[in-house]
Amino acid sequence: MLLQKLARFFSSDIGIDLGTANCLVYMKDKGIVLSEPSVVARVEGTKEVVEVGLAAKRMLGRTPKNIKAVRPMKYGVIADFDITEAMLKHFIREAKKMLPMHKTLIRPRVLIAVPSGITPVERRAVQDTADRAGAGDIFLIDEPVASAVGVGLPVSDPTGSMIVDIGGGTTEVAVLSLSGIVTKHSLRIGGDEMDAAICQAVKRNHNLGIGPRMAEDLKIEIGSAYPQENEDRIYMDAKGFDLISKRPKSVRITAKELRIALNGPVTNIVEAVNSTFEQCPEEIAGDLLERGIMLAGGGSMLRGLDRRISDATGLPVFLADDPLHAVANGTGIILQDVDRMAKAMALAVE
Ligand SMILES: Nc1ncnc2c1ncn2[C@@H]1O[C@H](COP(=O)(O)OP(=O)(O)OP(=O)(O)O)[C@@H](O)[C@H]1O
Ligand SMILES: [Mg+2]
């Protein structure tokens, strides 16, 4: 007992949203203390890390030959173990700097949000990587559960709530009731797939090669999932390489062209939401008709996606106030009472 109290005094609890696009760290009693792109720049062929986070993202596609900027997470799971470990180590170290000295002596308890569709082997890989990166006790929670808690859905009530979290690599659709998942769908499609669809369409339509960062800028600035007024007249210049002349070129891309380019991944997301709804027991479906669907994650900010999902399902759709922080905030709320929540959410936390 005394040992437990001492350990609590010295250690500190951390919640991590280990996302494909962004990694966020929540520190108990402090809130979100770090939010950085999941990117690492390293000297090629060595383990030497040059930059992590935003500074490394700025280097993507622009590095000299001996330095490589990479995103070590793909589809919500670890694609490169060493680099993810280096990234986590860096973020945990940065977060610990905000603690008083006596709290840095013991490894922090860490709650990590992971996609609900990952395999046992992928779960183990997250645990091992976090362990090597300096975490103490490690708990994993399903990302849609953390997201639902983070946006304030009443997940422990005997009523159905639906969350759709659209990230960079995954879309998580889940219906929750009484602290458990009633039905879910985890899709390896998200913002990255949208960016790839834009790259392909720009190549096909204009013989212009653009990088994923340019595609992401186009998506955020003028992309949409639903026809907008005057979409023929809303445009942005895409800069890249002419694939025939091999010279730099800039082409005017309209919002309509982007909406058409995004239709594939958007349709996949809408279909996943629809089929999750169709699998709900009648009582829960009735709850959802009344309470609607909550959207979170960065991808949910795509213009008109709420309307597109609402049209397809016939349900009211709401966008979270703080979509990029939903999962991290959820880990924070759960951390406030990790032991009790772990019991209550036996399905979701392990
Ligand atoms: N305004 C916007 N419109 C459309 N997409 C956006 C917007 N802002 C951010 N995004 C996209 O959101 C995605 C990142 O969202 P988020 O941080 O929730 O993902 P993640 O949690 O890292 O990924 P995952 O949960 O799949 O592992 C990126 O693909 C980004 O391009
Ligand atoms: Mg996410």
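This is a predicted model: local features need pLDDT of at least 70, side-chain atom pairs count only at pLDDT 80 or more; totals for chains, interfaces and linings use all residues.
A polar contact is a pair of N or O atoms within 3.5 Å.

**Ligand 1 and its polar contacts**

An oxygen atom of ligand 1 is 2.8 Å from a polar backbone atom of G169. The protein buries 92% of the 660 Å² that ligand 1 exposes when taken alone.

| Residue | Atom on the protein side | Distance to an oxygen atom of ligand 1 |
|---|---|---|
| G169 | polar backbone atom | 2.8 Å |

**The shell around the ligand**

How many residues surround ligand 1? The number is 20. The closest are T20, A21, N22, E216 and K219. By class, the shell has 12 polar, five nonpolar and three charged residues. Helix α7, residues 212-222, gives the largest share of this shell, with three residues.

**A three-stranded sheet**

Strands β14, β15 and β16 form an open sheet in the order β14-β15-β16. Their pairing is antiparallel. Which strands lie at the edges? They are β14 (208-209) and β16 (248-254), and each pairs on one side only. Strand β15 covers residues 235-242 and pairs with β14 over two bridges. One residue pair can be named here: G209 has F241 of β15 as its bridge partner. In general, strands of a sheet pair through backbone hydrogen bonds.

**Confidence**

The mean pLDDT of the protein is 91. Of its residues, 93% reach 70 or more. Residues 346-350 have a pLDDT below 50. Beyond near neighbours in sequence, this stretch has 16 contacts in the model.

How values were computed: Residues are numbered from 1 along each chain as its sequence is written. Chains are lettered from A and ligands numbered from 1 in the order in which they are written. Side-chain values use heavy atoms; hydrogens and water are left out. pLDDT is the predictor's confidence in each residue, from 0 to 100. Contact means heavy atoms within 4.5 Å. A residue is near a molecule or strand if one of its heavy atoms lies within 4 Å of it. A polar contact is a pair of N or O atoms within 3.5 Å; within protein, one must be able to donate a hydrogen and the other to accept it, and residues adjacent in sequence count only if both atoms are side-chain atoms. Accessible areas come from the Shrake-Rupley method with a 1.4 Å probe; for residues, only the protein chains shown count as cover. Helices (H or I, at least four residues) and strands (E, at least two) are DSSP runs, numbered from the N terminus. Ala, Val, Leu, Ile, Met, Phe, Trp, Tyr, Cys and Pro count as nonpolar, Asp, Glu, Lys and Arg as charged, and the others, Gly among them, as polar. Two strands pair if DSSP finds at least two bridges between them.
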